[in-house]
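The questions below concern a protein structure, which is shown first.

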Amino acid sequence: MCIRDRYICILAAGKGVRMRSTIPKVLHKLNGKELILHVLDKVKGIGEVFVVLGYKKKMVEKIIPSWVRTVYQRRQLGTAHAVLKLEKYLKGKKGELIVLCGDVPLIKRETIIDMLKEHRKNKNYITVLITKIKNPEGYGRIIERNGEILRIVEEKSATPEEKRIKKINAGIYVFEIENLFDFLKKIKKNPLKGEYYLTDIIEIAKKNNKKVGCFEVGDWREVVGINTREELERVEKFLKRRVN
């Protein structure tokens with residue numbers, strides 16, 4: 001019987017330009033605690049945790065708990081490029097890699113565990129966390145058929161018809177580690193942004209006859225990312241309602 005392990009990758013390398021601040025985005029506080037610590041609280045004990053750091057990494061490292069391994073992304077060339085930084089630690093491993101963003105603090109631990117169970121039950125190669133939202137502007141749209149994801153279309157590349165789709169990518173994934181890094185290396189740089197998008201791995205996986213499924217979360221507020229101070233204030237309100 002092969003040994004299967006479970007790993008978590010939290011993407012936290014970004015500068016967060018729209019926060020209009022000199023500190024890294026994941027160090028902004030929500031309810032008195034840094035965003036990255038909210039996410040780390042949810043994944044502790046689920047598997048071995050890696051955090052990918054970049055902009056002002058030493059500032060972030062100061063608050064990262066000792067049970068977390070940090071990985072450095074010197075040049076921020078996109079989400080696929082960030083996950084690829086884990087290759088030297090996970091190459092040849094068997095099991096799952098759960099990828100989350102350091103600026104999505106309201107994700108529930110139960111959602112992560114339930115998503116992982118669904119991933120295993122359906123024998124997916126990739127499972128994408130999705131949700132429905134009334135105004136999906138700015139989010140990647142989910143193109144699916146019979147519960148399987150065909151591809152994710154980013155806002156800038158979407159046709160008018162695709163932009164009307166309400167199901168969106170929440171930016172949280174479960175991957176099988178086997179072949180993952182080989183597939184990541186096949187992703188081409190996006191000509192509009194000059195970055196390597198993690199979502200492009202879906203079409204590569206499909207071409208290699210890998211099953212790509214989805215897990216839908218009912219409350220879209222759980223997966224709201226924070227890119228501006230206004231969004232931080234909004235999520236603060238969401239969190240207070242949840243606590244109340």
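A charge is said to sit over a ring if NZ of Lys or CZ of Arg is within 6 Å of the ring centre and within 35 degrees of the ring normal. This is a predicted model, in which local features need pLDDT of at least 70 and side-chain atom pairs count only at pLDDT 80 or more, whereas totals for chains, interfaces and linings use all residues. Residues are numbered from 1 along each chain as its sequence is written, and side-chain values use heavy atoms, with hydrogens and water left out.

Q: Over which ring does the charged end of lysine 57 sit?
A: The distance from the charged end of lysine 57 to the ring centre is 5.0 Å. The ring belongs to tyrosine 72.

Q: How are the rings of tyrosine 7 and phenylalanine 50 arranged: stacked, edge-to-face or tilted?
A: Rings of Phe, Tyr and Trp (its six-membered ring) pair if their centres lie within 6.5 Å; planes under 30 degrees apart count as stacked, over 60 as edge-to-face and the rest as tilted. The structure holds 4 aromatic pairs. In one of them, the centres of tyrosine 7 and phenylalanine 50 are 6.4 Å apart and the planes stand at 45°, so the pair is tilted.

Q: How are the rings of tyrosine 125 and phenylalanine 183 arranged?
A: Tyrosine 125 and phenylalanine 183 are both buried, a term for under 20% relative accessible area, with exposed over 50% and partly exposed in between (1.4 Å probe, protein chains only). Their ring centres are 5.7 Å apart and their planes are at 65°, so the pair is edge-to-face.

Q: How many residues of strand S6 are buried?
A: Strand S6 spans residues 95–101 and is mostly covered. The number of its buried residues is 7 of 7.

Q: Which residue in S10 stands opposite valine 99?
A: Two strands pair if DSSP finds at least two bridges between them. S6 is joined to S1 by 7 bridges, and these strands run parallel; 4 bridges join S6 to strand S10 (residues 167–176), and these run antiparallel. Opposite valine 99 stands tyrosine 173.

Q: Is glutamate 118 buried, exposed or partly exposed?
A: Glutamate 118 lies in helix H5. Its relative accessible area is 25%, so glutamate 118 is partly exposed.

Q: Which element gives the largest share of the lining of the largest pocket?
A: On a 1 Å grid over the protein atoms alone, a pocket is an open set of points where a 1.4 Å probe fits, with protein on both sides within 12 Å along at least five of seven lines; lining residues have an atom within 4 Å of a point. The largest pocket has a volume of about 1,800 Å³, where volume is the space filled by probe spheres set on the points, which are joined across faces, edges and corners. Among the 49 residues that line it, Arg18 and Lys25 are two of those closest to its centre. The largest share, 5 residues, comes from S10.

Key:
Helices (H or I, at least four residues) and strands (E, at least two) are DSSP runs, numbered from the N terminus.
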